Amino acid sequence: MRCNQCGFENKKGAKFCTKCGSSLGGVIADPPVEKSNDSSKYIIIALIAIIILLAAVIGYFALSGNGNSNQATDVASPQSNVSQPVQSVESEEESAPAKTQTVSSNQASEAKSWVSIGSYSGSGSGSKTISVPSGKIMVKLSAYPIKNYATNHLYVSGSNGESGGVDWGSKSAVETRSDSFTYTSSSSETFTIDYYETVSWNVEFYSYQ
């Protein structure tokens, strides 16, 4: 029992204070300070719980925000991957002219032209027989006569019926004359060169290859 006068704590059931002798008619209740301390503890515990709850809520929203940013990054990544095929197509389009130039150069190298396969010349009068291979053939001939009192000539005729030539009559001018013809044959042909009263003559054979 606590004395109201001096505050001494006496034994339970005592009627007088052992220290000051005052009557212990009433018991001093627990000081209100202690009750206030208990209340403060509850308030502090409640505040701590609120702080923990707020921290949990803030952490949740923070984690949700990071998840959204990761999703945005994942969405953006396919776009960057889509752009790569476009770059490869542009590279292929830029390389196309080079391929075209290569084809053009190959075509140019494969272009055909007339190639000489035989050249024959002489003077006076006579004849000559030669063999000409198959293919597309061109014959060029020219001659200059000795004089014009008779029929001077240069004739080239083949076994396939192809022929050409030049001649001069008694009143023709004494001058060089030329002729040419082209034919195509799948086999070799024999040609006869016949010339009469010439100062010079020339026959050339060309193959288209």
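**Group meeting: an aromatic cluster and its sheet**

Good morning. I begin with a cluster of rings, in which ring pairs link Y120, F181, Y183, F191 and F205. Please bear in mind throughout that the model is a predicted one. In total, the structure holds 7 aromatic pairs. One of them joins Y120 and F205: the ring centres are 6.0 Å apart and the planes stand at 80°, so this pair is edge-to-face.

Of the 209 residues in the chain, 18% are buried.

I turn now to strand β6 and its partners. Strands β1 and β6 run antiparallel and are joined by 16 bridges. Which residue of β6 is the bridge partner of Y120? The partner is V203, whereas the ring that Y120 meets in the edge-to-face pair is that of F205.

Strand β2 (residues 135–145) also pairs with β6 in the antiparallel sense, over 9 bridges. Here I137 has S207 in β6 as its bridge partner. Strand β3 is antiparallel to β6 as well, with 6 bridges between them; in this pairing V156 has I193 in β6 as its bridge partner.

Two lysines deserve mention alongside these strands. The charged end of K136 is placed over the ring of Y208, at 5.0 Å from the ring centre. K140 lies over the face of Y206, and in that case the distance to the ring centre is 5.5 Å.

Next, the hairpin of β3 and β4. Strand β3 (residues 152–158) and strand β4 pair in the antiparallel sense, over 6 bridges. N152 stands opposite W168 in β4. The hairpin has 4 residues between its strands, and G161 takes a positive phi near 90°.

Which residues make up the covered face of strand β4, and which the uncovered one? In β4 (residues 163–168), the covered face consists of G164, V166 and W168, while S163, G165 and D167 form the uncovered face.

Finally, I come to the helix. Helix α1 spans residues 32–109 and includes L47. Together with I43, I50, L54 and I58, L47 makes a nonpolar surface patch of about 510 Å². L47 has a relative accessible area of 48% and is therefore partly exposed; patch residues need over 30%.

To close, two points from the talk. Strand β6 pairs antiparallel with β1, with β2 and with β3. Thank you for your attention.

Definitions and conventions:
Residues numbered from 1 in each chain as written. Predicted model: local features only at pLDDT ≥ 70, side-chain atom pairs only at ≥ 80, totals over all residues. Heavy atoms only, no water. Patch = residues over 30% accessible without salt bridge, like charges linked within 9 Å, V, L, I, M, F, W, Y side chains within 5 Å. Areas by Shrake-Rupley, 256 points an atom, 1.4 Å probe, with all protein chains shown as cover. Salt bridge = Lys/Arg side-chain N within 4 Å of Asp/Glu carboxyl O. Buried < 20%, exposed > 50% of the residue type's maximum accessible area, 1.4 Å probe, protein only. Phe/Tyr/Trp six-rings, centres within 6.5 Å; stacked < 30°, edge-to-face > 60°. Lys NZ or Arg CZ within 6 Å of the ring centre and 35° of its normal. Pairing = 2+ DSSP bridges.
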